[in-house]
Amino acid sequence: MLGSTHGTLTTDFRARVEACGETPRTAVHSTAAPSAEDTVALDVSGRPLHADAPDLDRFFRPESVAVIGASDADGRPNTGITRQLIAWAERVGARLHPVHPTRASVFGLPCHASVADLPEQVDLAVLLVADPLPVVEQLAEAKVKFAVAFASGFAETGDEGAAAQARLGAAVRRSGLRLLGPNTNLNAFERFREDLDGPAIALITQSGHQGRPVYTLQELGIRLSHWAPTGNEADLETSDFISYFAEQPEVGAIACYVEGLKDGRQFLLAADRAARNGVPVVAVKVGRTETGARMAASHTGKLTGADTVVDAAMRQFGVIRVDGLDELQDTAALLARARKPVADGVVVYSISGGTGAHFSDLATEAGLSIPTLSQAKQDELHQWIPEYLGVSNPVDNGGHPVGDWRGRKIIDAILADPSVGVLICPITGPFPPMSDKLAQDLVDAAEQTDKLICVIWGSPVGTEEAYRTTLLGSSRVATFRTFGNCITAVRAYLGHHRFTASYRSPFEDAPRTTSPSFRKAQALMRPGQQLSEHSAKQLLRAYGIRVPREQLVTSAAAAVRAAGLVGYPVVMKASGPQLAHKTELGLVKIGLTSASQIRDAYRELTDIARYENVPLDGILVCQMVERGVEMVVGVTQDDLFGPTVTVGLGGVLVEVLHDVAVRVPPFGEDQARAMLGELRGHALLEGVRGAPPADVDALVEVILRVQRMAMELGDELSELDINPLMVLPRGQGAVALDALAICR
């Protein structure tokens, strides 16, 4: 159905949707896991609405492990790997069985000649062989649950390797086991510290080395629970691990390094599961630039997807995208450990007015709320801070109060303000003993408040006692080394909790059966062809999208009669299946007010079409609609996600301004409105320079109807472009003045 933020629609909106052949339902918010029946449900486009979270317990904590190709021979690469796996098996309490055709024992353990000779059914097989395909077939017969393939030379090497990987993937699907890799490494079998408590970070990386900064957070006291190095993802993929980690009670945040997504819909379903469970997902996604995308493809052999679509899809489902590995570690660490915010207000507290002003500028520019403290709160702070220092926010204490009893009083007074949810203290450099006292006061205060306290320790040395012991020794204070990383993390923290507080899974309300509009639309489709403007507008009409009064004519006399019926002034346009940019060819005439002008325009349009060798199905005589905001609404096909919906400022400058927002179906009314808020030119819809506000509700309705069209027509509709969509003044609707549709 065409969803809304709260699961209800206004009476008018409901009526219009029903007129399109749909029956809206009142939605009920639920975070419950989908039923077994729901897991096989498909939406109207044939895409799944739910994905099972794979049970990977026996992968990460197996009871029995087989190492195929185990070795203890000096100088052999497999020897070091075997030794590491034996140590890992001991830590997790698993029985390990070496397998090698010519060895009686490996590191003192009995060695078996083949998979068939294993003394028990094993949970996990680690394949230290160059060609894992024959072994996968043997593992299937032995009913092994999981396997890891380290071998390289697959999709990352080109077409031949991609074909080999496809054969491997097909064998895995037939076998019933689940495979990690190929082209992966030993990161899943690292030693994780068990002396740390609190919520943990679960790590997913397609390039193993890129996870090292997050892994080393353990040295700063931050717990890591799992590491999934997914490699080429012939079977198990990033989405599988997100779904699994989102269900683990010890996981406070999921950190990802992603080079390419294997399946766009599965990624969205995994992100949806994490959002429903309130588990933040923080991701570095390679492919923002052409160079990055090319390198990612050469490394993992997968599409990176159009980055604007990937970015929009992540934002739509609450995935927090960051750029650097330092941002990944700092943001994931904060989100894993910080409690739910009680307010959005951020107070900046420093010993230097310059530091406070600098940080506040950056934070405000990034969108953080830096509220002015009440006069009563400022008067309270001036009990301990000299009157000549500013305490409205940022709070400048001048330095000396932090060295005595006043320092803690100031911190407690700030935290007591109900508008404050976050206190950030930038310390640009150590100044013992006062910085030591300040750090200790912040740590002590953090233990007694439910509000977030952040410290930026700006010293490049990082060996100071106040930093290494006092701040890093606290699980309640979030410590950063740079202004930028602190701002990124705090913005993500507040944004995540706002997002999940109102999140409703769009898959719950996604249509599963086609509407009457679909049957009308199918009759208009012409596979492999571009529809004429007239036919494209009929397609819009089928989905209840308003178009101007118009008639298609094939003679000058008929054009004159049509103008009389449509009503002067009129627009005349050539209409044909190969016309995409009529204005550039002079095939549009506007503001015609008389029969003689109509006849002249008809002759001129047909002459131009004949000269340009453009076949026509006729001339459109259209109602002229002038007053409104020109927008564009369209559908394109993405290699990863399928149909996507775009909205932006329209007219002849759409390709110059490129002011657009994108969403991946399914989405509801809340996301349609959010798209408009992302546009740089959003103010035009609110009315500028005396213009009346535009009918935003009508625009939102068009976006949702176009989404329904995109989902129902699925792969039949390659591209749709409504440009311009004239959004009339509030209460008057929106009219599609032109449309282009290309069938697949």
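Arg 315 pairs with Asp 311 in a salt bridge, with 3.0 Å between the closest N and O atoms; the term stands for a side-chain nitrogen of Lys or Arg within 4 Å of a carboxyl oxygen of Asp or Glu. Both residues sit in helix H10 (residues 307-316), four residues apart, about one turn of the helix. Helices (H or I, at least four residues) and strands (E, at least two) are DSSP runs, numbered from the N terminus. This is a predicted model: local features need pLDDT of at least 70, side-chain atom pairs count only at pLDDT 80 or more, and totals for chains, interfaces and linings use all residues. Residues are numbered from 1 along each chain as its sequence is written, and side-chain values use heavy atoms, with hydrogens and water left out.

Asp 311 also meets Arg 321 in a salt bridge (3.2 Å, N to O). Arg 321 belongs to strand E12 (residues 320-322) and Asp 311 to helix H10, so this pair ties together parts ten residues apart in sequence. Arg 321 counts as buried because its relative accessibility is 15%, while Asp 311 is partly exposed at 21%; buried means under 20% relative accessible area, exposed over 50%, and partly exposed in between (1.4 Å probe, protein chains only). Arg 315, at 39%, is partly exposed. These three residues join a network of salt bridges that also includes Asp 307, Arg 663 and Glu 678.

Elsewhere, Glu 508 forms a salt bridge with Arg 504, the closest N and O atoms being 3.3 Å apart. The structure holds 38 salt bridges.
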